[in-house]
Amino acid sequence: MGIKLKKTNQISLIWRKYPSYKYLTYTNILTGLTSWGSFIAMLVLLNQITDNGIQLGMLWAVSGLAPLMFSFLVGFLVDRFNPKKVIVFSEVFRGILFLGYIVVPLLGGMYAWILFCLLRFVGGLLNSLATIARQTIIPDLIEEDDLIVANSFNFTITSSIRLLGAAAGGTLISFLDLDIAWMVTSLSFFVSAIISSRITLKNNRKMVSSKNIKKEFVVGIQVIKEQKFVKLVLLAALSGGIIIGSFNLMLEQFVSNVYETKHYGISLLYISEGIISVLVGYWLANNKFLFKNPYKYGYVYILMGLTWTLFGFTEQLYQGAISLMLFAFVGAFIVPFERQIMQTDVPAHLRGRLYGLWNTCSLASIQVGAFLTGVFIYYFGIRSVPILTSVLEVGLGIFFIFYVKKHIVVGAAKQINTTH
């Protein structure tokens with residue numbers, strides 16, 4: 001009778017194997033949770049310093065433009081410097097920046113608005129800088145064979161933070177003064193900087209030395225042309241962003257106007273989606289799962305569009321929860337695949353600008369999705385929105401399948417020709 005060996009937990013294995021990746025994960029969890037508290041605190045503070053909805057909406061929109069406007073340019077900075085130093089720098093300055101919010105309510109009228117806008121705008125730049133550096137540094141910490149575990153686990157962490165962060169942040173603001181929230185958030189970034197300073201890069205990358213940004217931009221575009229999967233991932237950011245931009249608005253609209261349920265329904269929908277994302281993400285990480293035939297991800301994109309379409313046909317809250325669970329289940333397979341492509345198909349010294357472009361495509365598409373949501377509701381009704389906003393995602397999936405299969409056939413033909 002043979003002895004059945006216990007399966008190794010892949011997540012605990014890479015934590016032991018790569019201490020620097022573990023430190024990076026610690027900082028993601030720490031600052032992710034406190035950032036949710038500060039996000040809610042910002043909304044409360046904004047309500048305190050504005051007099052009406054127009055002021056509130058305009059100030060929030062203008063102050064949040066930094067990631068959309070500068071993510072691509074920030075990517076160039078990440079390519080020029082050591083990503084570890086970039087993370088430490090951004091964490092220290094974000095820690096200082098959050099203390100500035102304590103001063104905002106002490107000022108009056110326009111001065112409070114200007115300081116709020118300045119703090120959130122600069123904070124958005126630093127957040128983009130840190131986010132891109134964190135995304136690009138992972139291949140410098142671990143071996144390529146373990147990237148799928150790291151990317152799937154990072155998705156699990158992000159989903160968990162989204163699930164727990166809002167509740168933790170709301171509780172913090174409910175029982176503590178806003179100034180305490182700013183100080184706790186600030187402290188978390190200082191601690192994160194200390195932990196990040198312990199990171200050791202396993203793989204040294206070539207730093208960009210050219211000062212000609214136009215030339216560097218052309219180099220980045222050349223990578224997109226040459227790498228078919230990078231091109232597809234950028235297209236996916238555009239199509240997926242439309243759905244994400246509609247997602248939050250649709251949950252509120254369906255709870256209020258279709259399900260006719262109290263606002264706790266929104267929380268239930270988020271929890272349903274979040275739990276599945278966490279569970280599937282953990283399973284993918286622990287099993288190092290990627291489809292061997294990449295064209296199959298085209299079917300995943302199609303299913304993402306169809307499951308979001310399904311949400312538009314729901315009549316009751318439980319039906320909406322089930323459809324979002326299906327949506328989360330399918331979507332969990334996409335994130336590790338896309339990050340794997342950006343980390344392995346893009347040269348190390350060009351990752352920053354390509355990640356910046358990726359983030360810009362996603363953020364711009366999210367804004368378009370939010371705008372289209374309002375247009376579709378006005379002209380076609382609430383139920384039309386999930387159906388219409390999923391069209392591009394389904395179309396992307398179909399294109400993905402044919403495009404990848406075509407290149408597989410062409411690649412096989414070229415290989416045969418070179419051997420004869």
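Author: The model is predicted, so local features need pLDDT of at least 70 and side-chain atom pairs count only at pLDDT 80 or more, while totals for chains, interfaces and linings use all residues. Residues are numbered from 1 along each chain as its sequence is written, and side-chain values use heavy atoms, with hydrogens and water left out.

Reader: How many salt bridges does the structure hold?

Author: Side chains of opposite charge can pair when their charged atoms come close. The criterion is a side-chain nitrogen of Lys or Arg within 4 Å of a carboxyl oxygen of Asp or Glu. The structure holds eight such salt bridges. One of them joins K17 to E143, with the closest N and O atoms 3.8 Å apart. K17 lies in helix α1 (residues 10–17) and E143 in the loop between α6 (109–141) and α7 (147–175), so this pair ties together parts that are 126 residues apart in sequence. Helices here are DSSP runs (H or I, at least four residues), numbered from the N terminus.

Reader: Which residues are linked with K17 in a network of salt bridges?

Author: The network links K17 with E143, D146 and K288. Between D146 and K17 the closest N and O atoms are 3.2 Å apart.

Reader: Is D146 buried or exposed?

Author: Buried means under 20% relative accessible area, exposed over 50%, and partly exposed in between (1.4 Å probe, protein chains only). D146 is buried, because its relative accessible area is 7%, whereas K17 is partly exposed at 44%.

Reader: How do the axes of α11 and α13 cross?

Author: Axes are lines fitted to C-alpha atoms, for helices over the stretch in contact, and angles run from 0 to 180 degrees between N-to-C directions. The axes of α11 (residues 264–286) and α13 (residues 317–331) come within 8 Å and cross at roughly 30 degrees. The two helices are therefore roughly parallel, a class for angles under 35 degrees.

Reader: Which residues form the nonpolar patch on the surface?

Author: Such a patch joins nonpolar side chains (Val, Leu, Ile, Met, Phe, Trp, Tyr) within 5 Å, from residues with over 30% relative accessible area and no salt bridge. Here F313, Y378, Y379, F380, I387 and L388 form it, with about 730 Å² of accessible area together. Helix α15 gives the largest share, three residues. Y379 is placed in α15 and counts as exposed because its relative accessibility is 61%.

Methods. Patches are made of residues with over 30% relative accessible area and no salt bridge: like charges are joined within 9 Å, nonpolar side chains (Val, Leu, Ile, Met, Phe, Trp, Tyr) within 5 Å. Accessible areas come from the Shrake-Rupley method with a 1.4 Å probe; for residues, only the protein chains shown count as cover. Angles under 35 degrees count as roughly parallel, over 145 as roughly antiparallel, 65 to 115 as roughly perpendicular and the rest as oblique.
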